Amino acid sequence: MENPRDINSILTKGKIIEQVNLSNNYHKIKIKAPQIPQEAKPGQFVMLSKWKIKELFLKRPFSFYNIEPNLGTFDILYKNIGKGTQILAESKIGDLVELIGPLGNGFNIPENTRKVAVVARGIGVAPLIPLMLESKKRGIEIYSFLSAQTENLLLCSNKIESISRETFYTTDDGTKGAKGKVTGFLEKILKEIVVDVVYTCGSKRLAKHIRNLQKKYNFLAFVSLEEHMACGIGTCKGCVRKTKYGYKRVCKEGPVFPVEEVIFND
């Protein structure tokens, strides 16, 4: 049986040093746990618990929204949708959490990349923010394509605009940007410039659209998959997804996969 040390992850405690209620049940929490941000990469995640076993048995997976190795901190952006996130939302400054991480394989930024596109819907943008910051640090141009049901659910838009060369929006109700598919904007850009890599997270529908565009415009593409996880370290095999190379564990071989490897029609 594997344990966290076998996979170069860290079992530790962290202290909550900031808790922000953003709106619409979204929260941002900052945790000080110096070992984890030293090792963390964009696209990886931590398993977290702040509850007793009699309340909830399993830790929950959270992707990194911000990584600050110099400060020994990282941020998580999450939506309060269940008992675990409710407990987390009720946390106070100074409370302790249990952590295993960093886990999984993060985003790959190939050498000589000059232009990337990120495509996200709603909170799916969270794990893409560290990737965008790292890309910006490397001098890579970023084109962002964001969608949501309504304007209030477009998260981090100011931050993303400050990082991106251009930002495009679609909303289901037309309250910001245009109605329709955000990948329609992506294809418009792909007709004008060469994008080396496209990254997305969460939405199977977006990933399938990106796969279709990839066949037409021949770019690299990666998707960060979201699945329910029990252990987070590849032992329980509860988060497998079908790929062209057989079933893969999202927590262990993922969560980031080349888009063309994932079979979405399951």
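These are my notebook entries on what I looked up in this predicted model.

**Ground rules**

I number residues from 1 along each chain as its sequence is written, and I use heavy atoms for side-chain values, with hydrogens and water left out. Since the model is predicted, I ask for pLDDT of at least 70 for local features and 80 or more for side-chain atom pairs, while totals for chains, interfaces and linings use all residues.

**Entry 1: the open sheet**

I began with strands (DSSP runs of E, at least two residues, numbered from the N terminus, as are helices, which are runs of H or I with at least four residues). An open sheet is built from 6 strands, in the order β10-β9-β8-β11-β12-β15, and its pairing is mixed. Two strands count as paired if DSSP finds at least two bridges between them. At the edges I find β10 (166-171) and β15 (256-258), each pairing on one side only. From one strand to the next, the twist averages 20 degrees.

Then I looked at one pair inside this sheet. β8 (residues 115-121) and β11 (residues 197-201) run parallel and are joined by 4 bridges. Val-118 sits opposite Tyr-199 of β11.

Which helix lies across β8, β9 and β11? I found α3 (residues 128-137) there, running at about 165 degrees to β8. That angle is taken between N-to-C directions, from 0 to 180 degrees, with axes as lines fitted to C-alpha atoms, for helices over the stretch in contact. Contact here means heavy atoms within 4.5 Å.

**Entry 2: β1 and its partners**

β1 (residues 10-23) pairs with β7 (residues 96-103) in the antiparallel sense, over 6 bridges. Thr-12 has Leu-99 of β7 opposite. With β2 (residues 26-32), β1 is also antiparallel, over 7 bridges. Ser-23 has Tyr-26 in β2 as its bridge partner. I also noted that β1 and β2 make a hairpin with 2 residues between them, and that Asn-24 in the turn has a positive phi of about 55 degrees.

**Entry 3: the cores**

Next I went for nonpolar cores (sets of buried Ala, Val, Leu, Ile, Met, Phe, Trp, Tyr and Cys residues joined through side-chain atoms within 4.5 Å). Buried means under 20% relative accessible area, exposed over 50%, and partly exposed in between, with a 1.4 Å probe and protein chains only. The largest core has 33 residues, and Val-119, Phe-145, Leu-186 and Val-198 touch the most other members. Elements supplying at least two residues each include β3 (45-49), α5 (182-192) and α6 (204-217). Apart from this core lies another, of 30 residues, including Val-116 and Tyr-169.

What does Val-198 touch beyond four places in sequence? Among its contacts I listed Ala-117, Leu-186, Ile-210 and Phe-222.

Lys-59 is in the loop between β3 and β4. Is Lys-59 buried or exposed? I count it as buried, because its relative accessibility is 18%. Its side chain makes a polar contact of 3.2 Å with that of Glu-98. For a polar contact I need N or O atoms within 3.5 Å; within protein, one must be able to donate a hydrogen and the other to accept it, and residues adjacent in sequence count only if both atoms are side-chain atoms.

Pro-61, in β4 (residues 60-63), is partly exposed at 29% relative accessible area. Its C-alpha is 8.1 Å from that of His-228, although 167 residues separate them in sequence.

Last, I checked Arg-249 in β14 (residues 246-249). Arg-249 is buried at 18%, and its side chain has a polar contact of 2.7 Å with the side chain of Glu-253.
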